[in-house]
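Q: Please take a close look at the aromatic rings of this model and describe how they pair, with the criteria stated.

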Amino acid sequence: RSETQLALQCVERKSDMSKPTYLGFPDSLDHPERWPPNDCSLIDSGDTAWVLSSSALVFFMTPGLAFFYAGLIHRRSVITIMMQVFVSLGVTTAVWFLIGFSLAFGETSRSIIGNPSSYPFFLNLDVCTPVGYPMWPTTGRIPGLLFAGYQMLFAVITPAVIAGAFADRFRFGPFLLFLALWVILVYCPFAHWVWNSNGYLFQWGVRDFAGGIVVHIAAGWSALGSVLFTGSRHFDSEHDRVIANTPHNRTFVALGVGILWFGWCGFNGGAGGAANGVEAFALTNSCISAGAGMLTWLAVEQHHTGKPSLVGACIGLVCGLATVGCSAGYIRPWAAFLVGSVAGPWCYAAIELRKAFKLDDALDVWGVHGAGGLLGSTLLGCLADEGINGMGRSGAFFGKQLCASVWTAFYSCAMTYLILTLINLVTPIIPTKDQLRAGLDVSLHNELAYDEDAVKHARGLPSSVECAPACKDGALEVIQVKADVGHPAADAAAPPPATMIVFQQTTPQTGCA
């Protein structure tokens, strides 16, 4: 029969749900008997319980990322950046449920992309259908539906990471469109190529245990593509530039990173889909690399600026976690310590390089995730231990990991730039000057993160001032207006804090006028 006849043929779906209904990919009909049976005896309760717990941990990472980014950004864009992170829970979930999971883990068409009819609306995933072909190389011991849900949470947080790069340069409507297109055109292809057992990179011998390639390189280099498209933010003065680049709430940063590290125990620790020794290595290696990344970052920061910072400690920790993701389930703890130790200085240098080229990556997504993921994926070829997960270090393995990493970086950056170009033809991406002047929290969402900012907004005062009334009813009130220019270590050329004393006749009802 010709391929045309095969493409038009539909295979009748059996009542036991062991085989799906195909709608058109010729390659999908090659081995229909390999689909796992609907057999509850194949499901292991221990593995299922661990992956369920890991799914909850991965979900918790998205709110953690929102707090992390909200603390790093200036106070006039807190709502905007948190909204961009949280909305991925809606948009990406819908895309993954409708078509994304099928594109990533469905039966392949020439190892390029999954068949959209494999799991649309999560069909063909019954309660007793274990993970297996085409999702997994062999029949596993957790429900395929659980695997789909776990992978969905990976997909949710990945495009949300990119939002930190183009802070203050993206309208909300176009961002929703960007989320959907990026998941379909960037995330799903790489998930299929690297994680699907029939993807061409997987078959070539490339490995990525927990997203070093699929998540961190893809998101980090997409962040670079988005910065190249949107350009730099424009500021009316050096003072405004310093305010915009100074973390407004360092306690949020620490809270967010704590949540992220907690969630990463499921992100890396559950990626193997089982409760076994490999997952023990993955979880332990992740924590070791995180600690080493923090320490080496602080050492470099101490040498470079003269003082270690809380924000620096948090960013160094994330560098260690992002860099070890690819290799977490393939290396021994000593190698994880080495990965984290190199990750801190490597990512710090990448951020300084970004500054030298005057690229306005607002929250350094490229420097942490793009550069860190590229390093970690490449080091896997040098550090993998065959006794842990079947992959041993070799020159050939190193070369494959390097080629795959470079290809991922190039494709992600270029495709993101193309996606943004097409979206901008339909609707403007960058906010107007009036929207930027008013602040994106107000102009895009009609909300402010802090009540005192709402009072200042009503009075026409900028959010960067602090008002401290000190008088009795009807008396001459003293209002202190203090401009917060940030930590001196953030920018040695920053001007000192300026203080202005304003006298005004007022009453308690007028507030800060």
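**Aromatic rings**

A: Tyr411 counts as buried at 16% relative accessibility, where buried means under 20% relative accessible area, exposed over 50% and partly exposed in between, with a 1.4 Å probe and protein chains only. The model is predicted, so local features need pLDDT of at least 70 and side-chain atom pairs count only at pLDDT 80 or more, while totals for chains, interfaces and linings use all residues. Residues are numbered from 1 along each chain as its sequence is written, and side-chain values use heavy atoms, with hydrogens and water left out.

Rings of Phe, Tyr and Trp (its six-membered ring) pair if their centres lie within 6.5 Å, and planes under 30 degrees apart count as stacked, over 60 as edge-to-face and the rest as tilted; by this rule there are 35 aromatic pairs. In one of them, the ring centres of Trp193 and Tyr200 are 5.2 Å apart and the planes stand at 55 degrees, so this pair is tilted. Trp193 is buried, with a relative accessible area of 7%, whereas Tyr200 is partly exposed at 29%. Trp407 and Tyr411 also form a tilted pair, because their centres are 5.5 Å apart and their planes at 55 degrees. Both residues belong to helix H16 (residues 395–426), where being 4 residues apart separates them by about one helical turn; helices are DSSP runs (H or I, at least four residues), numbered from the N terminus. Trp407 is partly exposed, at 32% relative accessibility.

One aromatic cluster includes Trp96, Phe97, Tyr119 and Trp182.

How values were computed:
Helix = DSSP H or I, 4+ residues; strand = E, 2+ residues; numbered from the N terminus.
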